[in-house]
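I begin with the charged pairs.

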Amino acid sequence: MSTPGPVPPPCYLYSGPFWLIASLDDIGLGFLTVYATLLPSPDISACQQTENSLTCSPNLVQVILFFFSLYLVAFAQGGHKPCVQAFGADQFDGQHPEESKAKSSFFNWWYFGISLAGLLTVNIMSYVQDYLSWSLGFGILCIAMVFALAIFLLGTRTYRFSNRGDEENPFVRIGRVFITAIRNWHVNSSEIADYVEETHGLLSHHNSTQLRFLNRALIVPNSLKEDGRACSINEVEEAKAVLRLVPIWVTCLGYAIVFSQSSTFFIKQGVTMDRSIAGGFKIPAASLQSLIGLGIMISLLIYDCILIPTARKFTGNPSGITMLQRIGFGMLLSIISMVVAALVEGKRLKTAQEYGLVDMPKATIPLSIWWLVPQYILFGVADTFTMVGLQEFFYDQVPSGLRSIGLSLYLSIFGIGYFLSSFLISAIEKLTSGYGKQSWFDNNLNKAHLEYFYWLLVVLSVVGLAAFLFSARTYIYNKGNTTLV
């Protein structure tokens with residue numbers, strides 16, 4: 001996304017690489033379709049007959065094509081996801097009152113569309129791939145991506161681009177601030193204070209006192225004045241704005257750890273419960289994940305159409321509430337969802353004990369799977385606040401030339417969160433198993449103690465929320481703007 005020297009024109013940053021990267025997504029899905037359709041079946045001699053099925057090992061060509069396709073899709077998504085969202089938000093002028101309101105709503109409706117697509121994919125594409133054909137499933141997705149890319153390219157001449165002229169690469173500007181501040185570490189603090197006081201008209205009191213070590217980049221020591229260069233106030237403030245994001249990023253990792261549970265242990269709980277509905281049909285435990293998408297869409301409609309307009313009347317904020325307030329409220333809801341999950345798991349274990357099913361891991365516990373609905377719905381509502389709030393925050397609070405990088409930072413919260421969740425589970429597994437102890441994550445879920453794990457996540461989330469609130473209280477919003485043409 002960046003090259004040494006001046007920042008390339010925005011049309012290069014977005015319209016060029018975006019369609020190239022998105023086309024890689026199409027190619028990856030196309031390869032998956034080919035993998036599922038055209039390649040010959042594995043050598044029957046490599047297959048093993050089990051009691052109920054024939055298990056075959058794929059040949060080397062199939063393995064290479066399969067993983068190449070998956071990594072190509074992952075690479076493409078990592079490239080275009082942050083760029084296309086930043087580009088969409090750039091279509092609104094943050095300095096125009098009406099467009100500022102529309103920009104806030106853009107993130108809501110963006111996530112609404114993502115959730116709707118996810119809901120349709122979980123409920124339709126899983127059926128197509130399970131009961132009709134994997135090749136048909138991949139083919140439909142490939143065609144959908146080609147269609148979406150074509151629609152994007154049709155609007156090329158109507159898009160608005162950020163007008164930055166010959167502005168220097170933001171990585172270079174920010175890096176120079178840190179390097180200059182480090183080189184000036186020995187400068188007398190009183191000399192820096194005198195300079196800051198002289199320029200007080202350009203620096204707010206809060207900005208001048210926060211992260212004061214970066215103010216060293218504002219001056220050049222006498223010994224370096226011939227070949228040295230001081231950074232401007234705007235450059236220093238830009239570096240401070242990036243550095244102020246770090247505490248928010250770190251304190252949101254707890255939310256990401258909780259977020260990862262909906263696709264893992266929640267499903268394992270559901271598998272053991274009574275999943276029967278009308279007519280004796282059993283719903284798949286994984287299908288309850290669609291309730292998260294449903295909760296997101298319903299709460300987004302209420303939030304954007306009712307809560308925001310009402311809040312605007314009281315706060316005067318175009319977004320109704322601040323971005324950090326929105327994120328914090330979502331984190332609170334995620335804590336409540338984990339409390340509910342822990343209580344439901346406790347009831348599930350108690351029911352298993354009452355019916356003597358503790359030593360029967362494959363037996364269905366006479367407790368309806370609908371007991372899991374509240375925690376899924378709460379997850380969806382929490383996402384409405386925290387996920388969308390994080391998207392808007394990391395887009396809005398980074399320098400204008402780094403907005404796609406800002407959204408990459410937002411995505412990295414959840415990538416690191418999943419990693420931390422796996423690490424936490426592995427550590428707990430080692431601590432709670434062995435020497436005759438019963439693991440919290442025993443294969444027999446009726447003997448396990450998922451409720452302990454959920455309560456631990458509640459504690460970690462409360463600590464994370466407290467740290468987030470402390471960071472949010474001292475956070476100074478970046479009021480930078482971008483001119484649109």
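**Salt bridges and cores**

I looked up R176 first: R176 is buried, at 16% relative accessible area (buried means under 20%, exposed over 50%, partly exposed in between, with a 1.4 Å probe and protein chains only). This is a predicted model, in which local features need pLDDT of at least 70 and side-chain atom pairs count only at pLDDT 80 or more, while totals for chains, interfaces and linings use all residues. Residues are numbered from 1 along each chain as its sequence is written, and side-chain values use heavy atoms, leaving out hydrogens and water.

Which partner does R176 meet in a salt bridge? I found E235, at 2.8 Å from N to O (a salt bridge is a side-chain nitrogen of Lys or Arg within 4 Å of a carboxyl oxygen of Asp or Glu). E235 is also buried, at 9%.

I next examined R348, which forms a salt bridge with E345 at 2.9 Å. R348 has 0% relative accessibility, and E345 likewise has 0%.

I then turned to D359, whose salt bridge with K447 has its closest N and O atoms 3.0 Å apart. D359 is exposed at 58%, whereas K447 is partly exposed at 31%. My search of the whole structure gave five salt bridges.

Finally, I noted that the largest nonpolar core has 91 residues, F468 being one of those with the most contacts inside it (such a core is a set of buried Ala, Val, Leu, Ile, Met, Phe, Trp, Tyr and Cys residues joined through side-chain atoms within 4.5 Å). A second, separate core of five residues includes L29 and V73.
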